[in-house]
Structures are given as C-alpha cells and as structure tokens.
Amino acid sequence: MSSKLPESKIACGGLILLDQISETNSPDLSADDGNELDITFALAQACFSKNDWEGVCNHLKRAIELSPEDPSCHLFYAHSLFSLGDISASIRHFDLAISFEKNPQSIEDLKKQLFSTPHIALRGFFQGSHAPERAIFMSAAVDLIKNRPAPFNFLEIGSYAGSSLLTWSNAAENFLAGECHIVCVDPWGESGADLYNPTMKKNLESDRAYEVFCHNASLSRENVRVTPIRGSSHDILPTFKNNTFDLIYIDGSHQYADVLSDIVESAKLLKNGGIICGDDLELQLFQCDQEFVENNKTADFIKETKSGESFHPGVTLAVAEYFGDVSNFAGFWVMRKISDGFEKVSFSNATGLRPPIWPWEFHERITAYFEDSDELGRLL
Ligand SMILES: C[S@@+](CC[C@H](N)C(=O)[O-])C[C@H]1O[C@@H](n2cnc3c(N)ncnc32)[C@H](O)[C@@H]1O
C-alpha cells in the first residue's frame with residue numbers, strides 16, 4: 001500500500017470503519033503526476049481529519065482527474081460521497097472502482113456492507129441527537145397500538161433524512177404482527193428549506209437529505225413498506241381519506257400556523273383509537289409566559305422568559321390551542337383519539353426500544369435517563 005493514501009480509517013454513514021480499504025490497490029503514481037497526487041491525497045486526509053467531507057470530496061475529485069482509472073481513487077471517493085449524502089454518485093464511483101479493479105470482490109463486499117447500513121452518523125443528518133430518549137418514547141407509542149387490527153398505516157409529516165423513519169420502522173418490525181405502511185410527507189427542499197440552519201438547508205436543497213432518506217427507507221424489512229410523498233403537508237394531507245391512519249407523527253414546519261394546520265388535518269385522518277404525536281414540545285403553554293409565546297409564535301427556537309428554557313413557541317402554542325395540556329415525554333407529545341375527542345396516554349405499561357444503530361454515547365444517555373424515570377414500563 002502506498003503511504004500516499006489516507007492511512008486512517010474512512011468513517012462512513014453507517015459507522016463502518018474501513019481499514020480494509022488500505023488493503024486495496026494504491027494509485028499507480030507516474031513520476032510527473034505523483035507529486036500532485038501525493039499532495040491531493042494529503043489534502044484529502046487533512047479534510048478527513050476535520051470531518052470536512054466537502055473538502056475530502058473536492059480533493060478526491062482532483063485525484064480522479066489525475067488518475068482516472070485508478071480503482072482506489074474511485075473507492076475513496078465513493079465512500080466520501082456516501083458520507084456526504086450523495087448516495088447516487090457514491091454508487092456510480094463504487095461501480096467504477098469495481099470496473100477498474102482486477103479482483104473486484106473486496107470492493108463489491110465493501111459496497112454491499114456500506115449500503116446495507118443506515119445512514120445516520122453525519123452532522124445535520126441525525127435528527128434527535130439532542131434528546132435520544134424521545135426515540136424510545138416514539139417506539140413505545142408503536143407498542144401502544146400493537147393490538148389494533150392490521151394492516152397498520154402510519155403518517156409522518158417532516159422526514160428529512162429518515163432518522164425518525166428508522167425509529168418507526170424498527171418499532172414496527174419488532175412490535176407489530178401485521179403489515180405496516182409508513183407514508184412520509186416532506187417537500188425535501190422544494191419549499192421551506194429557509195426555515196432551517198445552514199447545514200440542513202444545504203442538505204435539503206442539494207437533495208442529499210432526500211437521497212439519504214431513500215437509502216434509509218430502502219432498508220426497511222419484513223412487514224414494513226415506506227412511501228415518500230414529496231410535497232408540503234398543506235397540499236398533501238387533504239388528499240388522504242379521513243380515518244386512514246393508526247399513528248400520525250408531526251415534525252414538519254414548526255411555525256405556529258403550520259403546526260396548527262397539521263394537527264387539524266391529522267386529527268381528521270386519524271382512526272379512532274389511533275395515536276397522534278409530534279416532536280419538539282420542550283415546554284407546554286402552562287409552563288410559559290403566555291403573552292411572550294403569543295408575541296413570538298412565528299419564531300423558530302428561542303429562550304422562554306418565565307422558565308429560561310429554549311423552546312419552539314409555534315409548537316407550544318398550536319398544541320395548547322388544539323388539545324390543551326397533552327402527554328409530554330421529554331419533548332415528544334402524544335395523544336390518543338377517542339370517540340369524543342382526545343385523551344392523554346401513559347407508557348407505564350409500554351415497552352421502548354433502543355435503536356440498534358445508535359452510537360454508544362446515546363445508549364449511555366438513555367440508560368441514565370431511564371434509571372431515574374418511571375415513565376416507561378420496560379426498555380429493551
Ligand atoms: C425537523 S426535520 C424532520 C426530522 C425528522 N422527522 C427526523 O426526526 O429525522 C423537518 C422536516 O420538515 C420538512 N417540512 C417543512 N415544512 C413542511 C411541510 N409544510 N410539510 C411537510 N414537511 C415539511 C422539512 O423539509 C424537513 O425535512
């Protein structure tokens with residue numbers, strides 16, 4: 001192996017560490033191009049050590065210009081593109097690496113390994129990393145409805161890169177005896193990307209979020225089927241029939257008017273006995289200075305004056321206006337539809353699931369959270 005190649009591991013979306021790459025062929029450095037190729041790889045490695053995937057990709061692109069038929073250049077580039085969320089380009093460069101490699105089996109194995117792994121590990125992709133306990137409660141919400149008649153229909157409003165989808169599909173695979181169809185509604189960048197921080201905005205507008213979502217959706221197994229619908233909830237929700245869904249999760253726009261309209265529409269689409277829930281209810285209205293919330297209902301995420309905590313005023317106000325006080329578990333709010341309205345739920349007899357794909361530090365946080373909590377019946 002050439003010392004010109006990055007020696008360290010290439011970290012990919014699925015947390016795969018590919019020391020194996022270093023076992024594959026090194027670039028065939030010609031005397032003239034060798035120097036620039038050396039420098040290009042050194043620069044790629046410097047970017048890699050800073051988790052700057054854009055930088056890694058830019059330098060590897062140049063490496064491919066210098067050595068266009070070199071399988072290891074394509075292989076490194078393919079891995080870096082995957083990490084960046086350019087899934088389709090990653091597949092193209094894996095296939096080029098395979099086509100230029102004399103013994104392609106190891107590259108084929110690496111590709112298979114990588115593409116059978118959920119993509120969760122990157123900045124801006126792993127939603128919910130600030131509160132991993134919420135995902136445990138989300139899975140417990142699926143446990144609550146397991147005795148309802150199959151097939152099950154779920155609706156997710158706001159899916160981004162599919163992190164919450166992985167939670168729903170994992171819970172459905174483990175808890176539900178029948179078929180589960182998960183419909184995911186999101187414009188994925190065609191509108192509304194301006195609402196988000198620069199990383200999310202870029203991932204949405206470049207289509208990386210959608211590509212990563214599709215990759216994660218393709219990993220659903222057994223009884224779970226996923227249908228993405230690209231569009232705003234305002235346009236898409238009215239096209240569904242009333243009383244269709246067993247579980248509806250609201251995590252799209254957090255602006256007050258949008259959250260309220262998502263709740264109003266979803267309430268009609270939910271079956272009797274079904275669960276409606278949503279993300280980012282850090283504070284309920286009764287915990288806040290209500291006038292402050294009213295005056296800031298179009299803000300995204302701000303500090304509340306009475307409690308001093310940061311919260312999403314649009315979510316707080318819309319949820320309170322429609323339901324009043326709701327069941328709230330670490331910011332994940334939940335209600336059950338009954339014949340004459342909605343009731344609170346309890347998870348004290350429910351089971352929650354740890355997502356198998358999580359990094360260890362999340363598991364530590366979850367263990368610490370549930371050690372002191374009587375909110376959940378059982379944690380698996
Ligand atoms: C916070 S992210 C969702 C994260 C995702 N649920 C997860 O936990 O992995 C919000 C998403 O809502 C989408 N969105 C914004 N406005 C929307 C709307 N009106 N209808 C549907 N989705 C919307 C955005 O494109 C973005 O992908």
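**Figure 1. Asn-51, an exposed residue in a loop.** Asn-51 counts as exposed because it has 12 C-beta neighbours inside 10 Å. Asn-51 is found in the loop between α1 (31-49) and α2 (53-66). Helices (H or I, at least four residues) and strands (E, at least two) are DSSP runs, numbered from the N terminus. The phi of Asn-51 is near 55°, a positive value in a residue other than glycine. Most residues other than glycine have a negative phi. The model shown in every view is predicted: local features need pLDDT of at least 70, side-chain atom pairs count only at pLDDT 80 or more, and totals for chains, interfaces and linings use all residues. Residues are numbered from 1 along each chain as its sequence is written.

**Figure 2. The whole protein and the confidence of the prediction.** The protein has 14 helices and 12 strands. Of its 380 residues, 46% count as buried. Two residues are in contact if their C-beta atoms, placed from the backbone, lie within 7 Å. Among contacts between residues at least 6 apart in sequence, 71% join residues at least 24 apart. The mean pLDDT of the protein is 88, and 88% of its residues reach 70 or more. Over residues 1-29 the pLDDT is below 50, and this stretch has 74 contacts in the model beyond near neighbours in sequence. The pLDDT is the predictor's confidence in each residue, from 0 to 100.

**Figure 3. Trp-188, a buried residue with a positive phi.** Trp-188 is found in the loop between β2 (180-186) and α8 (198-205). Its phi is near 45°, a positive value in a residue other than glycine. Trp-188 counts as buried because 25 other C-beta atoms lie within 10 Å.

**Figure 4. The cis peptide bond between Ala-150 and Pro-151**. The omega of this bond is about 0°. Pro-151 lies in the loop between α6 (133-144) and β1 (152-157). Most peptide bonds are trans.

**Figure 5. The packing of helices α11 and α13**. Two packed helices are described by the angle between their axes and the distance between the axes. Helix α11 (residues 256-269) and helix α13 (residues 313-323) pack at an angle of about 40°, with their axes 8 Å apart. Axes are lines fitted to C-alpha atoms, for helices over the stretch in contact, and angles run from 0 to 180 degrees between N-to-C directions. The residues from α11 that make the contact are Tyr-256, Val-259, Leu-260, Ile-263 and Val-264, and those from α13 are Gly-314, Val-315, Leu-317, Ala-318, Glu-321 and Tyr-322. These residues divide into nine nonpolar, one polar and one charged. Ala, Val, Leu, Ile, Met, Phe, Trp, Tyr, Cys and Pro count as nonpolar, Asp, Glu, Lys and Arg as charged, and the others, Gly among them, as polar.

**Figure 6. Gly-314 within helix α13**. Gly-314 counts as buried because 24 other C-beta atoms lie within 10 Å. Leaving aside neighbours within four places in sequence, Gly-314 is in contact with His-254, Gln-255, Tyr-256, Val-259, Lys-297 and Thr-298. Gly-314 and Ser-253 are 61 residues apart in sequence and 9.2 Å apart in space, C-alpha to C-alpha.

**Figure 7. Helix α9 and the elements that cover it**. Nine of the 11 residues of helix α9 (residues 208-218) are buried, so the helix is largely enclosed by the rest of the structure. Among these buried residues are Arg-208, Tyr-210, Phe-213 and His-215. Their cover includes α3, α4 (87-100), α7 (163-175), α8 and β3 (224-230).

**Figure 8. Ser-83 in helix α3**. Helix α3 spans residues 71-84. Ser-83 is buried, with 24 other C-beta atoms within 10 Å. The C-alpha atoms of Ser-83 and Trp-53, 30 residues apart in sequence, are 7.1 Å apart in space.

**Figure 9. Helix α14 and the loop residue Arg-354**. Helix α14 is hardly covered, as the count of buried residues among its 12 residues is zero. Arg-354 is found in the loop between β11 (351-352) and α14. With 18 C-beta neighbours inside 10 Å, Arg-354 counts as partly exposed. The C-alpha atoms of Arg-354 and Ile-136, 218 residues apart along the chain, are separated by 6.1 Å.

Key:
Buried ≥ 20, exposed ≤ 12 C-beta atoms within 10 Å, placed from the backbone.
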